Amino acid sequence: MLADLTAGAVEDAEARAASRPLAVVERAALEAPAARDAYAALAPSERVKIIAEVKRASPSRGDLARIPDPALQASLYEQGGASAISVLTEARRFKGSLADLVAVRNAVSVPVLRKDFIATPYQVFEARAAGADLVLLIVAALPQPVLTELHALTLQLGMTPLVETHSADEVSRATDIGARLVGVNARDLSTFELDRDLFGRLADRIPAGAIKIAESAVLHPDDVAHYRRAGADVVLVGEALVTGDPITTLRDFLAVPK
């Protein structure tokens with residue numbers, strides 16, 4: 001599934017490149033306003049922080065919410081206390097777009113993450129051109145040389161790479177490239193099975209000084225508390241926010257014990 005999602009995202013990017021060549025996108029990326037400081041926004045604090053996700057659908061759950069106005073959804077997240085906004089831009093299975101990212105970036109003051117299956121420099125440049133402050137890099141989807149290249153390019157463009165892992169080996173690979181924002185996704189992107197305890201098993205392997213982010217399997221405040229007790233600085237939440245009242249849900253999540 002991960003290979004298919006990545007291949008599809010690259011194919012769609014290549015189609016966009018046919019009408020908007022790399023040189024054009026690169027120039028737009030370099031001329032865009034400076035990226036917001038995601039490290040500062042997500043830095044460890046006395047309370048857990050939340051990355052709130054604009055997410056219409058997923059391969060594992062199907063349709064979740066229509067979200068006709070992603071900018072409004074993101075504004076509600078910011079009002080509820082989210083420290084950053086994640087925007088799914090993958091079109092085939094998540095029903096997102098770069099237009100969603102642009103709309104959200106223009107509506108909120110917190111950093112915005114482009115969440116997609118990034119595997120080429122073109123996708124990194126178009127993320128910056130669209131206003132992304134962070135870019136998701138999934139270790140399992142990328143050979144180490146490509147991961148290293150895209151991580152470096154993201155930093156060169158002033159953005160923050162969120163390096164997503166699913167195993168001890170992948171955490172080691174993230175560490176080898178100097179990742180300072182490391183996510184552990186409870187959902188295996190090959191089988192889509194969930195393991196809420198995976199973060200706890202890997203958290204101690206993430207270097208001191210790196211921000212630790214727990215992803216997936218978050219539906220209730222108890223889930224946030226579970227990750228917080230295991231050492232999460234930040235929790236990324238999607239489904240629970242698009243299927244319920246986002247402001248109330250965020251406030252409940254942010255109120256978990258220290």
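Leaving out neighbours within four places in sequence, Gln 144 is in contact with Arg 173, Asp 176 and Ile 177. Contact here means heavy atoms within 4.5 Å. This is a predicted model: local features need pLDDT of at least 70, side-chain atom pairs count only at pLDDT 80 or more, and totals for chains, interfaces and linings use all residues. Residues are numbered from 1 along each chain as its sequence is written, and side-chain values use heavy atoms, with hydrogens and water left out.

Stay with Gln 144. The side chains of Gln 144 and Arg 173 are joined by a polar contact of 2.5 Å. A polar contact is a pair of N or O atoms within 3.5 Å; within protein, one must be able to donate a hydrogen and the other to accept it, and residues adjacent in sequence count only if both atoms are side-chain atoms. Gln 144 is partly exposed, at 23% relative accessible area. The cut-offs: buried is under 20% relative accessible area, exposed is over 50%, partly exposed is in between, with a 1.4 Å probe and protein chains only.

Gln 144 sits in helix 7. Helices (H or I, at least four residues) and strands (E, at least two) are DSSP runs, numbered from the N terminus.

Which residues of helix 7 are buried? Leu 147, Leu 150, His 151, Leu 153 and Thr 154. Down the helix 7 axis, the buried residues fall within an arc of 165°, so they line one face. That arc is taken from the directions from the helix axis to the C-beta atoms. Why one face? An α-helix has 3.6 residues a turn, so residues three or four places apart point the same way. On the other side of helix 7, Pro 145 and Gln 156 are exposed. The cover over the buried residues includes helix 6 (121-129), strand 6 (134-138), strand 7 (160-165) and helix 8 (168-176). Just after helix 7, Gly 158 has a positive phi of about 85°.

Now helix 8. Its buried residues are Glu 170, Val 171, Arg 173 and Ala 174. Helix 7, strand 7 and helix 9 (198-202) are among what covers the buried residues of helix 8. Gly 178 follows helix 8, with a positive phi near 80°.

Next, the cores. A nonpolar core is a set of buried Ala, Val, Leu, Ile, Met, Phe, Trp, Tyr and Cys residues joined through side-chain atoms within 4.5 Å. The largest has 65 residues, and those touching the most other members are Ile 50, Tyr 77, Ile 85, Val 104, Tyr 227, Val 235 and Val 237. Helix 6 gives the most to this core, 4 residues. A second, separate core has 23 residues, including Leu 42 and Leu 162.

Last, a loop residue. Phe 94 lies between strand 4 (84-88) and helix 5 (98-105). Phe 94 is buried, at 8% relative accessible area. Phe 94 and Arg 56 are 38 residues apart along the chain, yet their C-alpha atoms are separated by 6.1 Å.
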